[in-house]
Amino acid sequence: MQDATIVAELKRIPLFAKLDEHTLASLSDACQWRRVPARRPVILQGDVGNSVFVIIEGRVEISRLTPEGEDVFLAERGPEQHFGEMSLLDGAPRSANVTTLTDCRFLVLDRGMFFHVLRSNSELAVAVIMALAERLREADSQRGSRDSVRDKLVAYLRREIERQTGGTPYKGAEVKLGLSRVEIAERLATSRESVSRELSALAAQGAIVVNGRGVKVLRPEKLQ
Ligand code: CMP
């Protein structure tokens with residue numbers, strides 16, 4: 001890729017948008033682009049971390065292996081978001097597994113370059129700190145969540161509808177869930193049976209029609 005094209009591509013990423021031309025140019029010299037097909041590991045929990053990843057295209061899942069050997073879902077990340085910064089910041093092993101959900105293209109920065117741009121640009125440092133703070137809030141709210149399975153499922157459906165249609169639920173909106181009931185249950189910290197029960201209840205109330213891994217919205221007001 002031409003340098004100018006790389007710089008233009010870097011500028012489109014909010015994390016780097018405020019970097020000056022000089023920093024962007026050195027970043028474009030030092031970064032690597034990596035394509036990884038769907039359902040492949042990108043980061044393995046416990047490994048030494050030497051690079052940070054910015055997602056250009058695709059989606060990844062972040063999960064953590066418990067001491068009992070259970071793989072627990074932590075988060076899903078998509079374009080313009082980053083991961084893999086924690087090991088670089090604190091020097092500890094990778095805290096989680098990161099696996100591609102779809103075909104992905106990443107921008108990969110090594111430790112030296114990451115610290116160079118971080119030190120030379122307070123905007124970038126603030127953006128990284130803000131992402132860490134947001135993550136801590138998410139973790140706190142998940143831990144303290146007293147939401148019912150129905151509330152969590154409705155919030156999950158709304159998020160998927162917004163992501164796939166670009167707007168709030170509307171009559172006739174059709175979305176693919178892309179996940180099995182077990183995977184949805186993991187994300188909502190509940191059981192597969194509860195997910196199936198609540199999906200059936202929403203269908204019985206005429207809010208949605210469930211069709212395998214897809215859902216069609218019939219009464220958007222029921223998904224508030
Ligand atoms: P690192 O520990 O280097 O490698 C795994 C990455 O997963 C980690 O950096 C973070 O970028 C990301 N990560 C770890 N825990 C969470 C979480 N709870 N939510 C979102 N991302 C996480």
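Predicted model: local features only at pLDDT ≥ 70, side-chain atom pairs only at ≥ 80, totals over all residues.
Biologist: How many helices and strands are in the chain?

Modeller: The C-alpha trace of the chain spans about 60 × 40 × 30 Å along its principal axes. Within the chain there are eight helices and eleven strands.

Biologist: What percentage of the residues of the chain count as buried?

Modeller: To count as buried, a residue must have under 20% relative accessible area. The chain has 224 residues, and the share that counts as buried is 39%.

Biologist: Which element gives the most to the largest nonpolar core?

Modeller: This core has 22 residues, and Leu10, Ile13, Phe16, Leu27 and Leu107 touch the most other members. Two or more residues come from each of α1 (3–11), α2 (21–30), β3 (51–57), β8 (104–110), α4 (111–120) and α5 (122–143). With four residues, the element that gives the most is α4.

Biologist: Is Gly84 buried or exposed?

Modeller: Gly84 is in the loop between β6 (82–83) and α3 (85–90). Its C-alpha atom is separated by 8.6 Å from that of Asn50, 34 residues apart along the chain. Because the relative accessibility of Gly84 is 13% and the cut-off is under 20%, Gly84 counts as buried.

Biologist: Is Glu68 buried or exposed?

Modeller: Glu68 lies in the loop between β4 (60–65) and β5 (71–77). A residue with over 50% relative accessible area counts as exposed. Since Glu68 has 69% relative accessibility, it counts as exposed.

Biologist: Which residues form a negative surface patch?

Modeller: Glu68, in the loop between β4 and β5, is one of the residues of this patch. The negative patch is formed by Glu68, Glu70, Asp71 and Glu186.

Terms used:
Residues numbered from 1 in each chain as written. Heavy atoms only, no water. Patch = residues over 30% accessible without salt bridge, like charges linked within 9 Å, V, L, I, M, F, W, Y side chains within 5 Å. Areas by Shrake-Rupley, 256 points an atom, 1.4 Å probe, with all protein chains shown as cover. Salt bridge = Lys/Arg side-chain N within 4 Å of Asp/Glu carboxyl O. Lys, Arg positive; Asp, Glu negative; His and termini not counted. Charge placed at Lys NZ, Arg CZ, Asp CG, Glu CD. Buried < 20%, exposed > 50% of the residue type's maximum accessible area, 1.4 Å probe, protein only. Core = buried A, V, L, I, M, F, W, Y, C linked by side-chain atoms within 4.5 Å.
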